[in-house]
Amino acid sequence: VPRPWASWGDGTLDGRLRAALEACAWQEPTSVQAQACPALAAGRDALVTAPTGSGKTGAFVVPAAAFLLAREKKAAKFPAVAILAPTRELVAQIAREAARVLRGCGVEDAVAAAPWSGDVVARSSVLVSTPAPLRELYETTPKAAGALRRLFVDEADKLLDLTPTAGLADASARAPNAFVADVDAVLGARPKKCATALFSATMNEGVRELAANCLRADRVVLGVLPSLGPPLVEQRFAYVGEDGKRVEALAQAIREGFARPPCLVFARCAPAADAAAARLRALGYRAGRLHGGLGPRQRADALRDFRKGQSWFLVCTDVASRGLDLRALETVVNLDAPASAADYVHRVGRVGRNGRAGRALTLYTSDDAAGLRAVANIAKQTGCADVPPWLLAKTTKKAWANADPRAKRKRDAPG
């Protein structure tokens, strides 16, 4: 494994790239960048797991830029670098960061984000895409696939998982394993000279095995641990008597000052997000919505309004849990409990980024018993002191609900 970089000067980076990183305020590598960049700059395959907010995007953007600058004198008809991500929003964010770094190196118009035209692809050096458009390009234009030399896959756990992908960009109207089929096609189109790196904040064992099968034998496997300092995210759990009371419970948390805007609110599906946003607006709160059932323009407008402060609350599905960097975000609320511990990590990972403190609130009912134990354990492991013991217990739904004194008070209330 190549030795980690303590500074950008430790590698053999082009002087223009070092200047661009300084101009972007990337003064020194983060932990994941220090470990991953040397291996990727050397053309090694890699499997990288690191916490949200740790700088994973930079860990592949920097080696991509270094590779392009090293071969800039070589004429190329098609892009040599491709980056895959699960959502249009994350694709746009990665494309902006890559373009900013390359522009700082004096390379203009080098990045194309899907959807794209043939002319844009031909004059670009980097493609950033969800899986389906890149698969279509490589199947219809084999020479484009043959030109690929670096493939970076962000949020690899979601793209290589066989579980349903409801709410994500390419998956809202497609089969549960559509991502896997598209990613497999892209991986199958790679030439032998292509180096591949997979990145994610979470990586279960089954996905790890599948990922290992598509990497070369000399691959580098890196796992970056979370910071051992004080937890940046204050996490809380609140019992809700029934589904219909979730928005009212959120409104109470807003009045009490815990759910401070700007606030990202996660719902289980698009109709639930629409209903919650409408209810918040009826209560007098400026609320938008973001999910896979909206068109690209509507989703872009919703994010723009949220970033500009024109909406205080953005009610979304898990389309917003993957990689989005909302730097001013104060609070994440799980209006509906996440389906898995990995989903919880990605949702709550929207706050506490870049050293900025934040809050996370998870609302739950007794119907959430089956999936909440793993979530509660993750919260406890990451510093949450407010995890009720009955959430950690392995028990039946009925016994679990009876154990919660807040549930008992609701049942015993007069009237």
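**A loop residue and its surroundings**

Reply: Glutamate 155 is buried, its relative accessible area being 2% (buried is under 20%, exposed over 50% and partly exposed in between, with a 1.4 Å probe and protein chains only). This is a predicted model, in which local features need pLDDT of at least 70 and side-chain atom pairs count only at pLDDT 80 or more, while totals for chains, interfaces and linings use all residues. Residues are numbered from 1 along each chain as its sequence is written, and side-chain values use heavy atoms, with hydrogens and water left out.

Glutamate 155 lies in the loop between strand E5 (150–153) and helix H8 (156–159); helices (H or I, at least four residues) and strands (E, at least two) are DSSP runs numbered from the N terminus. Its phi is positive, near 50°, and it is not a glycine. Most residues other than glycine have a negative phi.

Strand E5 spans 150–153. The charged end of arginine 150 sits over the ring of phenylalanine 67, 4.2 Å from its centre (NZ of Lys or CZ of Arg within 6 Å of the ring centre and within 35 degrees of the ring normal). Phe152 belongs to one aromatic cluster with Phe60 and Phe199; rings of Phe, Tyr and Trp (its six-membered ring) pair if their centres lie within 6.5 Å, and planes under 30 degrees apart count as stacked, over 60 as edge-to-face and the rest as tilted.

Aspartate 109 also has a positive phi, about 50°, without being a glycine. Aspartate 109 is in the loop between helix H4 (88–104) and E3, and is exposed at 58% relative accessible area.
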